[in-house]
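Keep the structure open beside you as you read.

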Amino acid sequence: MPTVIAIAAHPDDIEFVMAGTLLLLAEAGWELHYLNLSTGNLGSTTMPPAQTARVRRKEARAAARELGATWHPPFCNDVEIFYDTRSLRRLGAIIRDVAPDVVLTHSPQDYMEDHMNTCRLAVSAAFVRAMRGYRTTPARRAVETPVTIYHANPHGLRDGLRRRVHPGAFVDTSSVHARKQAALECHRSQHGFLDVTQGMSSYLRTMDDLSREVGRMSGRFRHAEGWRRHLHWGYCDPQDDPLRTALGRRHMINAAYERSLDDAP
């Protein structure tokens with residue numbers, strides 16, 4: 001059975017930008033894994049960090065169940081996701097345990113460091129999966145199966161310098177949008193927090209608006225998630241594109257993005 005792992009920074013990040021694709025892969029017979037690196041301990045204006053972490057852990061597990069995914073516990077705290085040896089060894093062990101065919105993770109460009117550091121860790125952990133001399137924590141044997149990495153849209157579809165980020169491919173999530181919304185609703189503690197701290201007047205409406213905007217960008221789908229495929233070196237064959245293979249007509253290449261890949265920076 002093909003396997004995918006979604007690796008995000010905080011509880012609810014997967015639901016915002018990745019959950020629709022996960023649900024479609026499940027319908028196609030894939031095994032799902034769900035990991036947010038942070039406990040989400042600072043995600044409240046009313047609860048102390050330790051209590052917040054407990055609440056958000058429970059919510060994340062409920063969301064993973066809603067998606068039909070295997071949940072993996074976090075090992076960092078908010079704003080403490082660093083690209084360091086400790087985190088890489090921990091994540092490397094999970095990658096080796098799961099041996100995924102696909103890794104879904106954040107955009108390399110995003111509005112906060114936790115997202116971008118999670119992306120870097122996911123990319124490196126996938127890279128060292130096959131290095132027999134690399135020690136993980138706990139120790140796990142290297143795996144040499146190919147893996148393809150895809151980067152999700154940044155929040156707001158812009159990088160940290162306000163530049164628009166265009167997906168390399170669109171996935172039609174219209175048929176699973178209600179289920180994606182139900183998974184996001186599991187994160188009830190974030191309803192007020194995101195409004196106060198990040199201007200998201202309703203986290204459900206924000207997710208809905210984002211998926212509609214990506215759908216409009218596609219020119220075809222009502223709701224969509226966007227993905228950029230990572231360079232293949234060290235991971236898989238250059239032609240490997242398992243999302244396209246698995247999702248068929250629900251997947252659409254952005255031809256303009258593909259043409260832009262050969263443009264000078």
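**Spaces and a buried helix**

In this predicted model, there is one cavity of 30 Å³ or more. The space in this largest cavity comes to about 30 Å³. The largest pocket holds about 280 Å³ of space.

**The cavity**

- Lining the largest cavity are Phe 16, Val 17, Asn 153, Lys 180, Leu 210, Ser 211, Val 214, Ala 224 and Glu 225.
- Two or more residues of this lining come from each of α1 (13–17), α8 (203–218) and β7 (224–229).
- Helix α8 provides the largest share, with three residues.
- Sorted by class, the cavity lining has five nonpolar, two polar and two charged residues.

- The largest pocket is lined by 20 residues, and the closest to its centre are Arg 229, His 230, Leu 231, Glu 258 and Leu 261.
- At least two lining residues each come from β5 (148–152), β7, β8 (251–253) and α10 (255–260).
- Which strand gives the most to the lining of the largest pocket? Strand β7 does, with three residues.
- The pocket lining divides into ten nonpolar, five polar and five charged residues.

**Helix α2**

- Helix α2 covers residues 19–27, and seven of its nine residues are buried, so the rest of the structure largely encloses this helix.
- Its buried residues are Ala 19, Gly 20, Thr 21, Leu 22, Leu 23, Leu 24 and Leu 25.
- After α2 comes Gly 29, which has a positive phi, near 95°.

Notes. Residues numbered from 1 in each chain as written. Predicted model: local features only at pLDDT ≥ 70, side-chain atom pairs only at ≥ 80, totals over all residues. Heavy atoms only, no water. 1 Å grid on protein atoms, 1.4 Å probe; cavity = no way out; pocket = protein on both sides within 12 Å on 5 of 7 lines; lining within 4 Å. Points joined across faces, edges and corners; volume = space filled by probe spheres on them. Helix = DSSP H or I, 4+ residues; strand = E, 2+ residues; numbered from the N terminus. Nonpolar A, V, L, I, M, F, W, Y, C, P; charged D, E, K, R; others polar. Buried < 20%, exposed > 50% of the residue type's maximum accessible area, 1.4 Å probe, protein only.
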